[in-house]
Amino acid sequence: MQAKTLADLYSDWDKVQTHAQAWQKRTLKDAFDADRNRAARYSVGAAGLELDFSKNHIDDETLQLLMGVADQANLKAAIKKLLRGDHVNNTEDRPALHSALRFQGKPQTAEHQEVKATLDKMAKLIKSVHSGEWKGYKGEKITDVVNIGIGGSDLGPRMITKALTPFHTGDVKVHFVANIDGAEIHDLTRGLNPSTTLFLVASKSFSTLETLENSLTARKWMLDNGCAQDQLAKHFVAISSKVEKAVEFGIAAENVYPIWDWVGGRYSLWSAIGMPIAFAIGMDNFNKLRAGAAAMDDHFAEAPLERNIPALMGLLMFWYSSCLGTDTQAILPYAYHLQLLPAYLQQLEMESNGKSVTKSGERVDYQTGSIVWGTEGTNGQHSFHQLLHQGTTMVPIDFIATLQAHHPLDHQHKFLFANCVAQSQALMTGRDQATSEAEMRAQGMSDEQIAELAPHKVHPGNRPSNTILMDKLTPETLGALIAAYEHKVYTLGVLWNINSFDQWGVELGKLLGTHVATAIDTTDIPSDWDSSTQTLVKKFTEANKNL
């Protein structure tokens, strides 16, 4: 069967492509010179965020064409289907109801009631640990909480906990373990006291290899340090759908918190998976985080697409990847506490939209997904920004900045914000050869020196970016920001006609990892494996045969 093309999906695709080609001959600088109100016209605010998308290769005609694509993709109807709980995850025949996890107000559905009951139970746990009512096996107050999880059970909670450092209550210290590499948990436990440590085992199936192995190591560490078998329940809490497995492990049934099939792992930080966040910042702030996300849900549901932050973010990335040939996007938060945001968005976007078939299983003949990367603040300016400015690859960028800081060093925050704005300006305007030559002539350089050096100083400019602003990084604004990216991902999935909520590639990797581990344990290496895999397994087996 012939692969699906975007022309199969969109009847005006030829017009979209023709318009994209016209933008190859235009510059953003010229667009700003021609329209003094461009920034105001191409900015929109909601839920404590402001999106300035004026530094993009767009005009009114571009937006009109993209809105036509959105209409043919039935994006408005797709948004309704997502938020009301239709089975948008068609390959697993389930909804993707992460919005129900942060619903505000009186519960209206069975899912809302389950969420409320779980959050109420979670609040009691947080309070009992913070107050010292919950005690370890020696009768001491819990001082450290360790979250054991991976992927969606780690990246979101870890990122949020770091991002909201100014809101930490100080009642406990929160740590994270994810990697199957034993160095991570070994190094962490060396600095912890077993009698005052509580482990959170976050695993939907209670069988994820990394989480299970790290949990068994934590369990052994507790037993080796004097905790009796019947006291383990004081040091382990689980978030899982498999209560019986958690109980068999040694966790009291009443200390197992549910996670539901209608929540994907990378969308689950708003649930009990977010327990480490609540331990760090308190339940009130955790609920403010949820409220910020709910405000963005309402905006996504109600705002017209041309004034809809997540929809615009998705349509713009669709424009670049599907029409202008980009295959990557940089996330550059100019906020130290958001340093883990790019890693979190890597999973959210790449695991969701890294697909090569449509929702009905037909091969696609167009790019889906983008490679997401980045780092915080001015650090990137001294490493990869050189490529952004003068490299041959165009990379759409999201700059994220706060107008106010939590710390008292206002002069440093001024320079941080100034650098953020200057980078987006420089990437857009660039610097031509004539300007470079004039600058060098003013510095007294000779004509020969100018001719030799001028080409190296040319910045082509015309590099696109969004700027996302918030007054301050708070639980509410962070919740809105993460929800905006969640809905951006869904928007892209709708436009590409793919399922953003399954991850069969991840499942294959887990399965093959188990097979290789079995081969190492048994030294029975299948003869039909490729020679590279066989050789690597043999080398490992040989190196560890006497251990």
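Predicted model: local features only at pLDDT ≥ 70, side-chain atom pairs only at ≥ 80, totals over all residues.
Visitor: Why are α15 and α20 called roughly parallel to each other?

Guide: Helix α15 (residues 341-353) and helix α20 (residues 475-496) have axes that cross at roughly 25 degrees. Angles under 35 degrees count as roughly parallel, and α15 and α20 are therefore placed in that class. Their axes come within 10 Å, and α15 passes α20 in a right-handed crossing.

Visitor: Which residues of α15 and α20 make the contact?

Guide: From α15 come L341, Y344, L345, L348, E349, S352 and N353. From α20 come L481, I482, Y485, E486, K488, V489, L492, G493 and W496. By class, the residues of this contact of α15 with α20 are 10 nonpolar, three polar and three charged.

Visitor: What makes α2 and α5 roughly antiparallel to each other?

Guide: The axes of helix α2 (residues 13-23) and helix α5 (residues 60-72) cross at roughly 150 degrees. Angles over 145 degrees count as roughly antiparallel, and α2 and α5 therefore receive that description. The crossing of α2 past α5 is left-handed.

Visitor: Which residues of α2 and α5 meet?

Guide: W13, K15, V16, H19 and W23 of α2 meet E61, T62, L65 and V69 of α5. This contact of α2 with α5 divides into five nonpolar, two polar and two charged residues.

Visitor: How many cavities of 30 Å³ or more does a search of the whole structure find?

Guide: The search finds one cavity of 30 Å³ or more. The largest cavity holds about 60 Å³ of space. A cavity is a set of points where a 1.4 Å probe fits but cannot get out.

Visitor: Which residues and elements line the largest cavity?

Guide: The lining of the largest cavity has 13 residues, with L316, M317, Q329, D398 and N466 nearest its centre. At least two lining residues come from each of α14 (309-323), β10 (397-402) and β11 (465-470). The largest share, four residues, belongs to α14. The lining of the largest cavity comprises seven nonpolar, four polar and two charged residues.

Visitor: What is known of the second largest pocket?

Guide: The second largest pocket contains about 430 Å³ of space. It is lined by 22 residues, of which A335, Y336, H407, H413 and L416 are the closest to its centre. Helix α17 (residues 410-429) gives the largest share of this lining, five residues. The lining of the second largest pocket divides into 10 nonpolar, 11 polar and one charged.

Key. Residues numbered from 1 in each chain as written. Heavy atoms only, no water. Axes fitted to C-alpha atoms, helices over the stretch in contact; angles between N-to-C directions. Parallel < 35°, antiparallel > 145°, perpendicular 65-115°, else oblique. Left-handed = near helix turned anticlockwise from the far one by under 90°. Contact = heavy atoms within 4.5 Å. Nonpolar A, V, L, I, M, F, W, Y, C, P; charged D, E, K, R; others polar. 1 Å grid on protein atoms, 1.4 Å probe; cavity = no way out; pocket = protein on both sides within 12 Å on 5 of 7 lines; lining within 4 Å. Points joined across faces, edges and corners; volume = space filled by probe spheres on them.
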